[in-house]
Amino acid sequence: MLAPLGKRLLKHTRGYQGSSVSCPSCQRPSKFQGSRDKKFISLLGEIVIEDSAYYHWPACHTGHVPIDAALALAARRLTPAAEELTTLAGTVGSFAVAAEKLLPKMAGLGLGESTLERATEAADERPGQL
Ligand SMILES: [Zn+2]
């Protein structure tokens, strides 16, 4: 029920910025390669943006999906809010308890134990965020 909401909100963006954009790594123009489905986990559950634009610069072997930046996703699968909640759950008890009980109760999120562990450990490496 919630995924269509996400699709509607983002229907007109999808990250397409023209036939080429500057590569965030080397600043050279990268070419539009086509589109692919982008899946991520928000506090509202999994959202799929169909046909999000994908760019690639062959010289530096870097690809990027502009909608990641628009949604503050970086290379992660979790939105910042979902990541914060996941990290919080991961610091309360064991990762197994957090994945099986805390997250489903707090936000209805069904994440795997390994996803939760990675998010919590990544947050540990960014002091001052919790
Ligand atoms: Zn590049």
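Colleague: At what angle do helices α4 and α5 pack, and how far apart are their axes?

Modeller: Helices α4 and α5 pack at an angle of about 115 degrees, with 9 Å between their axes; axes are lines fitted to C-alpha atoms, for helices over the stretch in contact, and angles run from 0 to 180 degrees between N-to-C directions. Helices (H or I, at least four residues) and strands (E, at least two) are DSSP runs, numbered from the N terminus. Please keep in mind that this is a predicted model, in which local features need pLDDT of at least 70, side-chain atom pairs count only at pLDDT 80 or more, and totals for chains, interfaces and linings use all residues. Residues are numbered from 1 along each chain as its sequence is written.

Colleague: In which hand does α4 pass α5, and which residues meet?

Modeller: A crossing is right-handed if the near helix is turned clockwise from the far one by less than a right angle, and left-handed if anticlockwise; α4 passes α5 in a right-handed crossing. On the α4 side F95, A96, A98 and A99 meet E113, L116 and E117 of α5, where contact means C-beta atoms, placed from the backbone, within 7 Å.

Colleague: Which residues have the most contacts inside the largest nonpolar core?

Modeller: In soluble globular proteins, nonpolar side chains tend to be buried together. A nonpolar core is a set of buried Ala, Val, Leu, Ile, Met, Phe, Trp, Tyr and Cys residues joined through C-beta atoms within 7 Å, and buried means 20 or more other C-beta atoms within 10 Å of the residue's own (exposed is 12 or fewer, partly exposed in between). Here the largest core has 13 residues, and A98, A99, L103, L111 and L116 have the most contacts inside it. Two or more residues of this core come from each of α3 (80-92), α4 and α5 (113-124), and α4 gives the most, with five. Leaving aside residues up to four places away in sequence, L103 touches T86, A89, A98, L109 and L111. Another core, of seven residues, lies apart from it and includes A53, Y55, V65 and I67.

Colleague: What is the order of the strands in the sheet, and which of them stand at the edges?

Modeller: Two strands pair if DSSP finds at least two bridges between them. The open sheet of four strands has the order β1-β2-β3-β4, with antiparallel pairing. Strands β1 and β4 (62-64) stand at the edges, each with a single partner strand, so one side of each is left without a neighbour in the sheet. From one strand to the next the twist averages 45 degrees.

Colleague: How many bridges join β2 to β3, and how many residues lie between them in their hairpin?

Modeller: Strand β3 (residues 45-57) runs antiparallel to β2, and 10 bridges join the two, while their hairpin has two residues between the strands. Along this pair, F32 has Y55 as its bridge partner, and F40 stands opposite I47. Three bridges join β1 (residues 20-22) to β2 (residues 29-42), and V21 is partnered by S30.

Key: Two residues are in contact if their C-beta atoms, placed from the backbone, lie within 7 Å.
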